[in-house]
Amino acid sequence: MHTELPSYEEAAELVAAYAVKPGSIHPSVELALAAGRILAQPLVADRDQPPFPRSTRDGFACRAAEASAHMPLAIAGATRAGAIPSGPLQAGTAWEIMTGAPVPSGADAVLMLEHVEAGGGTVRLLPPRTVKPGENIVAQGAQGRQGDELMAAGTPIRFGQIALAAACGYAAVEVFVRPRVAILSTGDELVSVASSPTPGQIRNSNAPMLAAMVAAAGGEPWVLPTAADNAASLDAALVQAATADLLLISGGVSAGKFDLVEPALARLGARFHFTGVRMQPGKPTVFGELARADGSQALPFFGLPGNPVSSAVTFLLFAAPVLAALAGNWENFPRFALARLAPPVERHSKSGLTRFLPAYCNFGASADQPPQVSFVPWHGSGDLSALARSNCFLVVPEDAHSLEAGSLVRILLL
Ligand code: AMP
Ligand code: MG
């Protein structure tokens, strides 16, 4: 490239601005199997939530004004969860009630069991305590009225969404079909994990790594046979990958003599959005798209540098947001957080490159302190052991000379 490379932020903006539509919809996935999928329909309340004024405590439903005057109230009846009170609450009475049970009409508060004295068929709020109207009652429909949209299409389904869908009567939900992500490893030196490498060969670790990352990000990995470092092999592999929704190519994008991926993509008429980023690792990363013969949505592709740490970081930063958009997931990717940098601190000279260094964050460090992050010592972007010992990446901004121990730093979450 003759032009100056974009900064990490500029490259991230190009990715964020890249518009893709999610694919087709799976019309009915059993709720129990829907965790990890993306909701493709608005989820609508089939009844008010809660469906009745609901007691949040075990105790006595009452009129707040009467209870706060500390009158003894005659216990007129009892309701357990699942039952319906037999009638409205009469003046001067209280109604025994369990957590989750409907509050009888006429009552406007629930006295907690712990706050009353009960005996001889009456109950009295213990002075000096008083109770306000509405206390310990969730009003009917407070969380949503019948017909309200409670979740929008695009919401990732986790346990909370499963619970709400169940409460609203969805035994099955519409979800987006997972995008199919082709994973193409390139390199004459690669053998599969099941093979015994000769002294000059290495096992292909990127394909299984990227497959795991794709699956975790809501895609369906499609691992293609490894392509050799020659034009014919790459051309054939790229043709094979053309039916995917997203294409990830690992290796072959550096400036070396056998880095032939970019020319192969160019031969197919690729449009490049960037061919390199001012970052480390990951500088040779390529992002572009291939038009499709039938004129449908273009095939986005990423050329990820072959070194494993580079492939992992650039997947998280650039491929994951496009994959999320293709999956219909409206959440933001990549995900960053702030953490306190623990010593020892590696010093950095000004590099002009945003750096993403393998790091380990202790998220449970302390109740009143941010999480604590430390560098994982590493031997460069080929260091798989460092990658395996890390649980985040520490972001060193382009213009940072060093990061001070104890300072708040940005981390990229996996
Ligand atoms: P490249 O980006 O093709 O120049 O590769 C850079 C380095 O990453 C080389 O040392 C490769 O051996 C290594 N590498 C490339 N592809 C893979 C892969 N699929 N699995 C593990 N290491 C790889
Ligand atoms: Mg290579």
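Trainee: By class, what residues does the lining of the second largest pocket have?
Mentor: The lining has five nonpolar, 10 polar and four charged residues. For the classes, Ala, Val, Leu, Ile, Met, Phe, Trp, Tyr, Cys and Pro count as nonpolar, Asp, Glu, Lys and Arg as charged, and the others, Gly among them, as polar. Before we go on, this is a predicted model, where local features need pLDDT of at least 70, side-chain atom pairs count only at pLDDT 80 or more, and totals for chains, interfaces and linings use all residues. Residues are numbered from 1 along each chain as its sequence is written, chains are lettered from A and ligands numbered from 1 in the order in which they are written, and side-chain values use heavy atoms, with hydrogens and water left out.

Trainee: OK. Which residues lie nearest the centre of that second largest pocket?
Mentor: Thr186, Glu189, Leu190, Ile202 and Gly306, out of 19 lining residues. The volume of this pocket is about 260 Å³. A pocket here is an open set of points on a 1 Å grid over the protein atoms alone, with protein on both sides within 12 Å along at least five of seven lines, and lining residues have an atom within 4 Å of a point. A volume is the space filled by probe spheres set on the points, which are joined across faces, edges and corners.

Trainee: And where does ligand 1 sit?
Mentor: In that second largest pocket; "sits" means more than half of its atoms lie within 2 Å of the pocket's grid points.

Trainee: Which residues come nearest to the ligand?
Mentor: Glu189, Asn204, Gly252, Gly306 and Asn307, from 15 around ligand 1. Being around it takes a heavy atom within 4 Å. By class, that shell has three nonpolar, nine polar and three charged residues.

Trainee: Switching over: how much space lies in the largest pocket?
Mentor: About 680 Å³. Its lining has 29 residues, with Met213, Ala216, Ala217, Leu316 and Leu414 nearest the centre. By class, 20 are nonpolar, five polar and four charged.

Trainee: Which element gives the most to that lining?
Mentor: α7, with five residues. Helices are DSSP runs of H or I with at least four residues, strands are E runs of at least two, and both are numbered from the N terminus.

Trainee: Last one: which peptide bonds are cis?
Mentor: Gln280 to Pro281 is cis, with omega about -5°, and so is Phe333 to Pro334, with omega near -5°. Pro334 is in the loop between α7 and β22.

Note on methods. 1 Å grid on protein atoms, 1.4 Å probe; cavity = no way out; pocket = protein on both sides within 12 Å on 5 of 7 lines; lining within 4 Å.
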